[in-house]
Amino acid sequence: MNDGNLPITWRDAPALAGALAQYGDGACAWRTAGQGLLRACLSFDSSLQRAPERRSDPDDARVLVFTAPPLSVELEAMPDRVVGQIVPPGPGEIWVEAANGVTFHADADDAGFFDLPGLPRGPVRLRCDTPTGRLVTDWVRL
């Protein structure tokens, strides 16, 4: 058989095998990236509470609490920003992922407080890394 008649995939098999191995390593790394992450479920949403004595204003702050023992994240979503606190209080890093894949970052201070100005409205989820643990929240629409 003449080497010139071999399909290109056979001649380039070693390079292709190396590329496939790199893709496989990347896929496995992504699969294990979530190990050690607690999944925090929405345990309170003030927009679901009834207030019969008054009508809610669209500009009222919305309070959300996500819980994954031993951690929780409390958020107050206002028209122009979202502020929050990690509980138990302590420093940490917060990442917010929007549905379109855009991410935002904030640092929580020693009391666990953080500020996220200019978040887009729509579905988001938060990831919090703290000395106590790491969590990711359910998707929620702001």
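Biologist: Is Gly122 buried or exposed?

Modeller: This is a predicted model, in which local features need pLDDT of at least 70, side-chain atom pairs count only at pLDDT 80 or more, and totals for chains, interfaces and linings use all residues. Residues are numbered from 1 along each chain as its sequence is written, and side-chain values use heavy atoms, with hydrogens and water left out. Buried means under 20% relative accessible area, exposed over 50%, and partly exposed in between, with a 1.4 Å probe and protein chains only. Gly122 has 9% relative accessibility, so Gly122 counts as buried.

Biologist: Where is the place of Gly122?

Modeller: Helices (H or I, at least four residues) and strands (E, at least two) are DSSP runs, numbered from the N terminus. Gly122 is in the loop between strand 7 (113–117) and strand 8 (123–129).

Biologist: Which residues does Gly122 touch, not counting residues up to four places away in sequence?

Modeller: Contact means heavy atoms within 4.5 Å. With residues up to four places away in sequence not counted, Gly122 touches Val140, Arg141 and Leu142.

Biologist: What separates the C-alpha atoms of Gly122 and Leu142?

Modeller: Along the chain, Gly122 and Leu142 are 20 residues apart. Their C-alpha atoms are separated by 5.3 Å.

Biologist: How many strands does the chain have?

Modeller: Read along the sequence, the pattern is α-α-β-β-β-β-β-β-β-β-β-β. The chain has two helices, and its strands number 10.

Biologist: How many bridges join strand 4 to strand 7?

Modeller: Two strands pair if DSSP finds at least two bridges between them. Strand 4 (residues 81–87) is joined to strand 3 (residues 71–77) by six bridges, and these two run antiparallel. Strand 4 and strand 7 also run antiparallel, with Phe114 in strand 7 as the bridge partner of Gly84. The bridges that join strand 4 to strand 7 number five.

Biologist: What is the bridge partner of Glu74 in strand 4?

Modeller: A hairpin joins strand 3 to strand 4 through three residues. In strand 4, the partner of Glu74 is Gln85.

Biologist: Which residue does a cis peptide bond join to Val87?

Modeller: Most peptide bonds are trans. A cis bond joins Pro69 and Pro70, with omega about 15°, and Pro70 is in the loop between strand 2 (62–68) and strand 3. Another cis bond, with omega about 5°, involves Val87.
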